[in-house]
Amino acid sequence: MKIVIIGAGPAGVSVAETVRSVERQAELVMLSAEPFPPYSPPAMADHFITGSDTHLWRGVDWPKRTGVAYRKRVQVVAIEPEAHRLRLANGKTLKYDRLVIATGSRLYAPLKGVDRPGVYNFKSLSAAEALVKEIKKGKARTALIVGAGFIGMEIALLLRELGVEVTQIEMLDQVMAGMLDADTAAIALNLMLERGVDVRLKTKAIAFTSRERATGVKLESGQTLKADVLIAATGVKPNLDFLEGSGIAHRWGITVDDHLRTNAPDVYAAGDVAETRDRLTGETYVHAIFPNAVEQGRVAGLNLLGHDVTYEGADRMNSLKHLGLPIMAVGLKQGDEVLQSRRNGSLRTLYLQENHLAGFQLVGDIRAAGVLRALLNARRDLRPIKHHLLDPNFGEGMLIWNAVAS
Ligand SMILES: Cc1cc2nc3c(=O)[nH]c(=O)nc-3n(C[C@H](O)[C@H](O)[C@H](O)COP(=O)(O)OP(=O)(O)OC[C@H]3O[C@@H](n4cnc5c(N)ncnc54)[C@H](O)[C@@H]3O)c2cc1C
């Protein structure tokens, strides 16, 4: 059986490793539009700061060790499901018996002028290399980042490490609004300001201004901000242009069932490109985080081999490691009851819905994260242990035992 995987991110790698762990004979072909070995986007910033190769998380010899025919710089431009065939940008075609679309996501920036030279992003290693090359030429002293979401914050910290003066604008009234509640976001904002990032909230960009090369950002207020380097970090969007004419159903992401099958025979989708069910709410949307991509790759890999594995649903979760204080956000950031404690610079906020944990945010002391996540996923009625949940030692040995037993 010939299995073709489009994309060499965490989802694609997970598909290949899963297949190989149960099926030694299958022919595995992986296509990547980029010129690199498989890499981990969360480790890119570290790579540019320390020069380490931890972003090449599986090692450069991974394709050989795993028995994968790895083809770099190969872009898929169309899928012909009836013929079980792909069309490639180099004019060639490629047949498959099973196909996994794991093409991830790219920058989403609904701003005029974003395609102009001089506007950078950090969504792929190719894009990140172009940005860092520009900075390292030595002429860039100032940078302006549009967007203070998760990726924007990561870019800001990287650029500070590289000695650049950073201004970051955000249209909302808090940073990382998709992930953090207002209290946790206020702490994250202060940590960014302490790092010397000039974060400006409630500041909306409407266009990158340019003749040929972008030189500034026009704000809704009418003002224009200038900087040596301009960066868009306004969101991400699934890579699915090549679906046109294929009949493969998609909305924002590719539509999949609970086995991660698309509506085309023998075609699966996993990772940032797929629209999957939320474990907690049951809603379908794109849950663009690393652990979801890996788990979806595993489920797709098993199902395409004929196993019968139901995807349990995507998690909402993220953590910030580079701010000096660990921050973790899991699940929803609202509920009918909120429990909160502040202690020695740590903040713990729990969101309960009808006495069940719906989400939590931890700043500083994140030791309870594992146990809280288990309680959230188990949908346990927390009434018997509610009074322990804010205990600083909750989650450690006996206390858990006592809490659960009481
Ligand atoms: C800077 C940054 C930091 C992040 N930090 C975190 C974090 O701390 N924690 C976390 O959980 N998540 C984080 N994420 C998100 C996480 O990296 C993604 O959820 C994950 O990489 C998704 O994996 P994927 O395999 O679906 O897609 P990707 O990793 O996007 O890989 C898709 C691959 O497909 C290739 N491709 C696309 N189109 C084609 C085509 N037509 N033909 C051939 N190849 C194609 C692309 O070039 C790419 O290499 C971060 C992301 C970024 C950008």
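**Exercise 1.** Work out whether Gln 174 is buried or exposed, and find what its side chain reaches.

*Step 1.* Check the accessibility: Gln 174 has a relative accessible area of 14%. Buried means under 20% relative accessible area, exposed over 50%, and partly exposed in between, using a 1.4 Å probe and protein chains only. So Gln 174 is buried.

A quick note before going on: this is a predicted model, where local features need pLDDT of at least 70, side-chain atom pairs count only at pLDDT 80 or more, and totals for chains, interfaces and linings use all residues. Residues are numbered from 1 along each chain as its sequence is written, and side-chain values use heavy atoms, leaving out hydrogens and water.

*Step 2.* Helices (H or I, at least four residues) and strands (E, at least two) are DSSP runs, numbered from the N terminus.

*Step 3.* The side chain of Gln 174 gets to the backbone oxygen of Leu 180 at 2.9 Å. That's a polar contact: a pair of N or O atoms within 3.5 Å; within protein, one must be able to donate a hydrogen and the other to accept it, and residues adjacent in sequence count only if both atoms are side-chain atoms.

*Step 4.* List the neighbours. Leaving aside residues up to four places away in sequence, Gln 174 touches Leu 180, Asp 181, Ala 182, Ala 185 and Leu 201 (contact means heavy atoms within 4.5 Å).

**Exercise 2.** Describe helix H6, from its N-terminal cap to the residue that follows.

*Step 1.* Start at the cap: a side-chain oxygen of Asp 181 lies 3.3 Å from the backbone nitrogen of Asp 183.

*Step 2.* Go inside: the buried residues of H6 include Ala 185, which is also one of the residues touched by Gln 174. Thr 184, Ile 187, Ala 188 and Leu 191 are among the others on the buried list.

*Step 3.* Leave the helix: Gly 196 follows H6 and has a positive phi, near 90°.
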